[in-house]
Amino acid sequence: MANGFDLLNIKTDDFEMEGFSFGAGEKPLVILPGLAAKSIAKSAGSVSAAYSLLAKSYKIYVLDRRLVVPEGFSVCEMAKDTADAMRSLKIEKAAVFGASLGGMIAQQLAVDFPESVGALALGSTTSRCNPTIRKTALAWRNAALNKDISGLISSFLDKLYSENTVRIAGEFIKQMNSDLSNDELSRFAAQADAITTFDVYDRLGKIKAPTIVIGVEGDKVVTGEASVEIAQAIDCELYMYGREYAHCVFDEAPDYKKRLMKFFESNFKF
C-alpha cells in the first residue's frame, strides 16, 4: 500500500475501471463519487486523508466510472458496472455512500442489486432529473464538447462550492482542471448527458437498505428539495445543512464524515 492507499484497475469482459482502496477495517464501504472531469484515482491521497475517520473501521473502495464512457451511456448502466466491479473485488455486500452523480448511481444500485447494499448514504443528489440539474448538466456537457475549459471551471466554482471554499481553494481547483484532455472532456460530457435522462423516483420504494439522505439548502446543482423528496419517498432519515455550505458540502462540512460514521455504525450489519 503506497501513501496509505492502493490504486485499483478493474477489468471485466465489458469495461475497465479505475479506483483505489484504503482502510484497515474488515467491513467494506464503497464510495461512489460525483461527476468530475479528472479520474478520481488522481485524488486518492486527498480523499483517503479526508475519510481517515472511517478508515479505522472500514475497508474503503472508491470506484469511478468505466474509463471509456460511450455516448448514450445511462446511470442504470453505470450502476450495473458498479455491481460488476464489486463482484470482481469479491464484495458481496457493502455500506455504500454516493455523492451527487454517485448518489444517483447508488440509488439505482440499491434498486437493481439490493443484495449488494447493506446500508445507504446519499449526499447532495436527486432521484430524477429536475429543471435545475437539467440546465446545469446540459451547460456542463456543452462546455465540455466545445472544449470551453475556462467556462466549465467557472461554473464549477459557482455551482459546487461555497464562497468560503472558493476563497480558500479556488485557485487550486482551477489548476486541477486547467489541463483537461480531449478524452477527459468527452468522458465528462457523456456522464453529464446521462444525468438528463435519470429517473428512479417511482422505484425508490424498492430500496430496503437502511438509508440516510444528506442534503444542503439552496443546492445550486440538484436543489435541496430533491433531497427531501428522496427521503420522503423512501421514508428514511434526512439531514439538511444550511446555506453556508454548497453542493459539495461532503467536502466542506467538518462533521460530515462523523455523520456518515455514526449512521453506518448503527445501520450496517456485516
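Which residues of α3 are buried? They are V75, M78, A79, D81, T82, A83, D84, A85 and M86, where buried means under 20% relative accessible area, exposed over 50% and partly exposed in between (1.4 Å probe, protein chains only). The structure is a predicted model, in which local features need pLDDT of at least 70, side-chain atom pairs count only at pLDDT 80 or more, and totals for chains, interfaces and linings use all residues. Residues are numbered from 1 along each chain as its sequence is written, and side-chain values use heavy atoms, with hydrogens and water left out.

**Overall fold and dimensions**

- The chain contains 11 helices and 8 strands; helices (H or I, at least four residues) and strands (E, at least two) are DSSP runs, numbered from the N terminus.
- The radius of gyration is 17 Å, which agrees with the value near 18 Å that a compact globule of 270 residues would have; it is taken over C-alpha atoms, and the globule rule is 2.2 Å times the number of residues to the power 0.38.
- The C-alpha trace spans about 45 × 40 × 35 Å along its principal axes.
- Of contacts between residues at least 6 apart in sequence, 77% join residues at least 24 apart, a contact being heavy atoms within 4.5 Å.

**Surface and charge**

- Buried residues make up 56% of the 270 residues of the chain.

- Helix α3 (residues 75-88) has 14 residues and reaches 20 Å from its first C-alpha to its last, close to the 20 Å expected at 1.5 Å a residue; the expected span is 1.5 Å times one less than the number of residues.
- Just after α3, K90 takes a positive phi of about 65°.
- Helix α8 (residues 182-195) also has 14 residues, and its reach of 20 Å is close to the expected 20 Å.
- Mostly covered, α8 has 10 of its 14 residues buried: E184, L185, R187, F188, A189, A190, Q191, A192, A194 and I195.
- The cover over these buried residues includes β4 (58-66), α3, α4 (101-112), α5 (131-145) and α6 (149-160).

**Positive phi in two loops**

- Most residues other than glycine have a negative phi.
- S124 has a positive phi near 45° and is found in the loop between β6 (117-123) and α5.
- S124 counts as buried because its relative accessibility is 1%.
- T223, which is not a glycine, has a positive phi of about 80° and lies in the loop between β7 (211-216) and α9 (224-234).
- The relative accessible area of T223 is 15%, so T223 is buried.

**Strand β7**

- I214 is in strand β7, and its relative accessibility of 1% means that I214 counts as buried.
- I214 touches L122, G123, S124, S227, Y239, Y241, Y256, R259 and L260, not counting residues up to four places away in sequence.
- I214 and D251 are 37 residues apart along the chain, and their C-alpha atoms are separated by 13 Å.
- T211 is also found in strand β7 and is buried, with a relative accessible area of 6%.
- Leaving aside neighbours within four places in sequence, T211 is in contact with L120, L122, I234, C236, E237 and F263.
- T211 and I105 are 106 residues apart in sequence and 14 Å apart in space, C-alpha to C-alpha.

- S155 is placed in helix α6 and is buried, with a relative accessible area of 19%.
- Apart from neighbours within four places in sequence, S155 is in contact with W140 and L160.
- N267 is found in helix α11 (residues 256-267) and is partly exposed, at 24% relative accessible area.
- N267 touches G118, A119 and P210, not counting residues up to four places away in sequence.
- N267 and P210 are 57 residues apart in sequence and 6.2 Å apart in space, C-alpha to C-alpha.
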